[in-house]
Amino acid sequence: MQYSDEVMNHFTNPRNVGSLDEKAADVGTGTFGSPACGDVLKLQIRVDGQGLIAEARFKTFGCGSAIASSSLLTEKITGKTLAQALELSNKEIARELQLPPIKVHCSVMAEEALKSAIEDYQAKNARHSGGGL
Amino acid sequence: MTRKFKTNNEANGVSGSGRGSSRAVYLDNAATTAVDPAVLEAMLPYFCDQFGNAASIHHDFGCQAQQAVQNARGQVAGLINANAGEIVFTSGATESNNIAIKGSAEKLRDKGNHIITCAIEHKAVLDSCKYLETRDFEVTYLPVDSLGMLDLAQLEEAITEKTLLISIMAANNEIGTINPIAEIGALADRCKVLFHCDATQAVGKIPIDVQECGIDLLSLSAHKIYGPKGVGALFIRRNRKENRPAPLIHGGGHEKGYRSGTLNVPAIVGLGRACELCGENMMRESERLGKFSQKLLRLISENVDHIRINGHQENRLGNLLNITFEFVEGEGVMLAMPDVAVSSGSACTSETLEPSYVLRALGVPDELAHGSLRFSLGRFNTEQEIDLAAQSVIRAVKKMRDLSPLYEAAVIHDNDEFRNSNEESITNEEIRNPKL
């Protein structure tokens, strides 16, 4: 697969790899994909007192474009409000990484994992303190 | 001109001097091989100097070409213990497989409409069979066991009065498992069914004797044995005239009518020389590559846990290793080791986004097929390259596991459980777990 320089940049030096404490109230965790399909993306966000995404971390099982999509996603959402983060679409990631058509689903995974992480954070905080967007 | 070519070959390190450090270690010889300089040297005169049409035997140009082709026919035949007259030159093993299967089906359709093949054959065989299914032929796709082995009893049971052809490969291209072709040939002979063997991966690596193995039709390709791309051969047994396949390509009656079209003389000369070299070097070369692949496996398994070897451990081509690295995806691993060229059974490396159908047929779960890499060693690999490749693989798998949520969940959080299952999953290899 011939990838763009952008994909190779993120693949070679992935940003924000790691894990946050899944149990912490200010952390939302989203996982998308399945091992059998060859892609699993785990995204975690930590939301600060102002409602901004202070930290984003990922771990991804998958090909180069799945890893690059995850890495770019964490860069893009850090410092954003949850509402701003939700505006991010997979098309933007696919465009920036110049993903080949057959790999566009990798950017969709990133978007889905993000939605799921935000939902997880909101569900937790609805229970605990009623916080949210 | 000739001198320039030779210089380039020497620069490629094929004379044993080793490749330039910037070039990746090539461990994808089951996909294709570099042309051996001795093969290229044999071919070169047939481009600009002895360029005649092998069919133009009324002048010297044509006669020279025809002689060269006849010489190559003998060289190909010699490698598989056939007669020169039983060799038909084609554009490669895909075409040879097409002629063998579709041509035989057409020729014998009055006798029957049933073909037996196997689920892990090459696509050139499977797709030819699928095509015939649209033309009212019936095809039995025999399953294999978890090591890629056929059940001969099952093969025998599958044969009916309508069976006209059995098409079984000599050795599998993804896992290297070798089939008992002599037994299959004997069975086919007993049942009066034609036996076609796709020996593309096996010729030049293990001895293949069409007489001993009772093979009626055999496909081979030049570019898997250090010859040029775009040329291959089909062996068609002489003594069964009524069974010989109908041609797919008409137009001039070249190759006794089996395959019309002006012969690609330089490529055929290259195929011949490549076969000759294989015959001369096979034992020494397979011993050497067997040692190298064992070393590669040892270095990897000493340093990487949670690996599985796909295919048969002993009954396989010595130059080929197919290993699943659990919790990582093959394309990612390959991307993380640009200094090593291999293949993967991962969906991400296929056009269809499906994992390897061969590994699926072995019962390998998709998540493990995604993490498989095929290492296929070749004539020009050096031991130093094997050491370098092993280091790169170890590093790349570690890098991808550091990124993997599956590794994190399974190993970091639940170490003991997976360590136990790992011991069962690795056969015949003592695996150490240096560090997790």
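Predicted model: local features only at pLDDT ≥ 70, side-chain atom pairs only at ≥ 80, totals over all residues.

Residues are numbered from 1 along each chain as its sequence is written, chains are lettered from A and ligands numbered from 1 in the order in which they are written, and side-chain values use heavy atoms, with hydrogens and water left out.

User: What is the mean pLDDT of chain B?
Analyst: pLDDT is the predictor's confidence in each residue, from 0 to 100. Still, 90% of the residues in chain B reach 70 or more, and the mean pLDDT is 90.

User: Which three residues supply 32% of the area that chain A buries against chain B?
Analyst: Buried area is the accessible area (1.4 Å probe) that two parts lose on being put together, summed over both. Between chain A and chain B that comes to about 1900 Å², and carbon and sulfur atoms give 67% of it. On the chain A side, the three residues that supply more than any other three are A:Phe11, A:Lys59 and A:Phe61.

User: Is helix α2 of chain A mostly covered or uncovered?
Analyst: Helices (H or I, at least four residues) and strands (E, at least two) are DSSP runs, numbered from the N terminus. Buried means under 20% relative accessible area, exposed over 50%, partly exposed in between (1.4 Å probe, protein chains only). With 13 of its 14 residues buried, α2(A) is mostly covered.

User: Which residue in the turn between β1(A) and β2(A) has a positive phi?
Analyst: Two strands pair if DSSP finds at least two bridges between them. Eight bridges join β1 (residues 27–34) to β2 (residues 39–47) of chain A, running antiparallel, and A:Thr31 stands opposite A:Lys42. The two strands form a hairpin with four residues between them, and the turn residue with a positive phi of about 90 degrees is A:Gly38.

User: How far apart are the centres of the two domains of chain B?
Analyst: Domain bounds come from an automatic or database domain assignment, which gives domain 1 (8–32 + 282–408) and domain 2 (39–277). In the model, 28 residues of domain 1 are in contact with 33 residues of domain 2. Taken over C-alpha atoms, the centres of these two domains of chain B are separated by 28 Å.

User: Which strands stand at the edges of the open sheet of four strands in chain B?
Analyst: The order in this sheet is β9-β10-β13-β12, with antiparallel pairing. Each edge strand has a single partner strand, so one side of each is left without a neighbour in the sheet; these edge strands of chain B are β9 (307–309) and β12 (343–344).

User: What is the bridge partner of B:Ser343 in β13(B)?
Analyst: Two bridges join β12(B) to β13 (residues 372–376), and these strands run antiparallel. Within β13(B), the partner of B:Ser343 is B:Arg374.

Methods
Contact = heavy atoms within 4.5 Å.
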